[in-house]
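Biologist: I would like to learn how to read a few features of this entry. Please show it to me first.

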Number of protein chains: 2
Amino acid sequence: MPDFEAAPVNPAVRLASLARTDMAGVEALIAERASSATAVIPAIAHYLLDAGGKRIRPLITVASARMLGYQGRGHLSLAAAVEFIHSATLLHDDVVDDSELRRGKRPANKVWGNPQSVLVGDFLFARAFMLMVDAGSMEALHVLSRAAAVIAEGEVRQLAAVRQVATSRAEYMDIIAAKTAALFAAAAQVSPILAGAPARVEAAMETYGRELGLAFQLVDDALDYGGVAVELGKNTGDDFREGKITLPVALALEAGGDDERGFWVRTMAEGRQSPDDFDQAVTILKRHGALDATLEAARGHAARAVEALDAAPDNVWSQSLAALAEFVVERAY
Amino acid sequence: MPDFEAAPVNPAVRLASLARTDMAGVEALIAERASSATAVIPAIAHYLLDAGGKRIRPLITVASARMLGYQGRGHLSLAAAVEFIHSATLLHDDVVDDSELRRGKRPANKVWGNPQSVLVGDFLFARAFMLMVDAGSMEALHVLSRAAAVIAEGEVRQLAAVRQVATSRAEYMDIIAAKTAALFAAAAQVSPILAGAPARVEAAMETYGRELGLAFQLVDDALDYGGVAVELGKNTGDDFREGKITLPVALALEAGGDDERGFWVRTMAEGRQSPDDFDQAVTILKRHGALDATLEAARGHAARAVEALDAAPDNVWSQSLAALAEFVVERAY
């Protein structure tokens with residue numbers, strides 16, 4: 001008899017399947033609220049929104065709401081708002097980073113121009129707040145507007161740290177807590193607010209989101225150097241090219257000698273790179289186990305995200321949220 | 001005996017004097033909420049916020065609230081929020097316009113860079129929404145977030161119209177209704193909402209703000225060519241240099257022949273300008289009475305702003321708001 005034992009299903013896929021109806025509602029809201037009589041606005045908005053993003057942030061909002069038995073529609077508006085804030089941030093990041101390529105694709109500002117990217121980002125940001133108003137919770141509005149301010153602060157700090165090889169691990173963690181984890185935390189926290197869950201559940205979900213966000217960013221930063229199973233090739237090296245000191249590099253700088261320090265100073269601080277330098281960077285990172293250590297840190301944060309769910313009801317939604325946290329790390333292998 | 005009859009007092013000054021205590025509260029909020037541990041943020045924010053702006057938008061919010069007998073503190077938060085939205089827009093406009101000078105001053109992006117201007121604009125925008133949350137009115141939040149989206153749409157349309165000599169008067173009016181008047185309208189509308197005024201008063205104040213905003217922008221556009229009492233010199237010519245087709249130019253294009261059209265095409269559509277061209281532009285505008293006609297249009301909108309106040313209580317506040325509308329036009333003479 002054939003073995004019908006199911007192959008392990010990607011938990012992001014399982015969660016997306018569970019949340020299918022809700023996520024269809026979120027997509028409809030996204031399409032509706034990205035519309036404008038000014039044609040270039042939806043064109044740019046959809047260039048980002050349709051770029052194959054995994055909608056992980058709105059998925060967290062939707063799943064958290066369902067986990068807590070929320071029966072209204074406000075979670076759909078907040079989920080769409082979270083995705084709009086994320087998209088607005090990406091549009092503005094492109095202007096800030098000024099790269100020709102981002103994950104192997106031309107950024108919107110290189111297609112339409114900086115002015116358009118700035119203004120359409122502003123538009124999506126404003127529409128995000130209109131969506132929050134629809135959800136009707138002043139407390140959720142407070143959480144998301146505070147997150148938006150923290151994100152901007154984190155981006156400013158990251159900008160100041162670019163090409164600074166003295167960036168410490170602590171400074172790096174502060175930056176990603178602000179620029180990435182704050183929105184994940186808010187995405188998870190607004191649902192217990194909507195559902196009227198107890199304060200300790202709200203705090204636990206905020207922790208879940210924050211820890212998941214830290215894990216997500218650490219994995220992203222490792223993947224930018226190819227993860228641990230490095231296949232050199234496309235979609236890697238953005239941070240190296242842009243002189244962003246992420247955890248792998250900070251760890252290698254701590255562990256390495258003066259020779260290596262000279263390499264990082266030339267390539268990242270001074271931005272003088274030759275075609276072989278990226279491979280050399282990966283070689284150095286692997287020599288010190290810096291990618292492994294980064295993923296180990298990610299695993300720790302993912303574990304704390306899962307632990308936080310102990311305060312939440314045990315059901316298919318919380319199980320999927322736990323699996324999602326584990327998957328975020330596993331995608332690096 | 002000497003004549004002690006008071007000289008006519010600038011009504012913006014009188015209004016500012018009436019609203020002195022409230023405006024001090026607004027200033028305190030602005031300083032408090034522009035603060036950040038990331039030092040470059042308050043530095044850039046204050047570069048704009050302390051640039052000698054007249055705080056006309058928050059003044060409208062404060063005066064409208066007092067006119068309606070509002071006794072709370074929410075109008076201070078909303079007034080500060082309105083100023084933050086305005087400042088965020090200015091920061092992003094600088095990036096969009098990419099000029100070396102703005103009203104005779106170096107724009108923030110030329111001092112600190114585009115990335116910093118984009119991100120600090122985002123920060124102020126987020127902080128604006130936090131201030132709105134403090135005011136506690138979901139309806140006011142709706143009005144202001146909608147205005148923010150409309151402003152971004154207006155800016156995108158203006159960007160598309162730059163160097164387009166075919167821009168019609170109607171298109172220009174649509175653009176300034178969105179990019180400028182929407183925030184004035186919202187600044188006036190949120191106070192009746194806070195004060196719980198009847199819907200007809202809220203509608204009237206929205207009209208007051210919108211019409212005042214249109215008058216304000218028309219006057220600004222005339223002043224950019226020196227107003228009617230042209231003294232050529234500093235602080236004029238930004239629009240001409242940037243190829244922005246404002247009402248004076250649209251009117252001159254309508255009225256002029258092919259020769260003049262050639263002048264506008266070369267200088268504004270193609271951006272090829274020699275040092276004498278600005279004086280030549282002013283000469284053409286005056287030949288067709290285009291500056292007078294622009295100010296006449298401004299006067300009409302200011303009159304409609306004053307008319308709208310008929311629906312509001314007659315008191316020292318509404319009288320000052322009426323005088324403010326008239327002053328906005330008179331400053332051009």
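Modeller: Take helix α7 (residues 114–135) of chain A: its 22 residues should span 32 Å at 1.5 Å a residue, and its end C-alpha atoms are 32 Å apart, which agrees. The expected span is 1.5 Å times one less than the number of residues; helices are DSSP runs (H or I, at least four residues), numbered from the N terminus. This is a predicted model: local features need pLDDT of at least 70, side-chain atom pairs count only at pLDDT 80 or more, and totals for chains, interfaces and linings use all residues. Residues are numbered from 1 along each chain as its sequence is written, while chains are lettered from A and ligands numbered from 1 in the order in which they are written.

Biologist: How many residues of α7(A) are buried?

Modeller: A residue is buried if 20 or more other C-beta atoms, placed from the backbone, lie within 10 Å of its own. In α7(A) 20 of the 22 residues are buried, so the helix is largely enclosed by the rest of the structure. A:Gly136, with a positive phi near 80°, follows α7(A).

Biologist: How are the two copies related?

Modeller: Chain B superposes on chain A by a rotation of 180° with 0.0 Å of shift along its axis (RMSD 0.0 Å), by least squares on C-alpha atoms of residues with pLDDT of at least 70 in both. The copies are thus related as by a two-fold rotation axis.

Biologist: How many residues does the contact take from each chain?

Modeller: Contact means C-beta atoms, placed from the backbone, within 7 Å. Chain B gives 36 residues and chain A 35. Among the helices of chain B that each supply at least two residues is α7 (114–135).

Notes
Buried ≥ 20, exposed ≤ 12 C-beta atoms within 10 Å, placed from the backbone. Contact = placed C-beta atoms within 7 Å.
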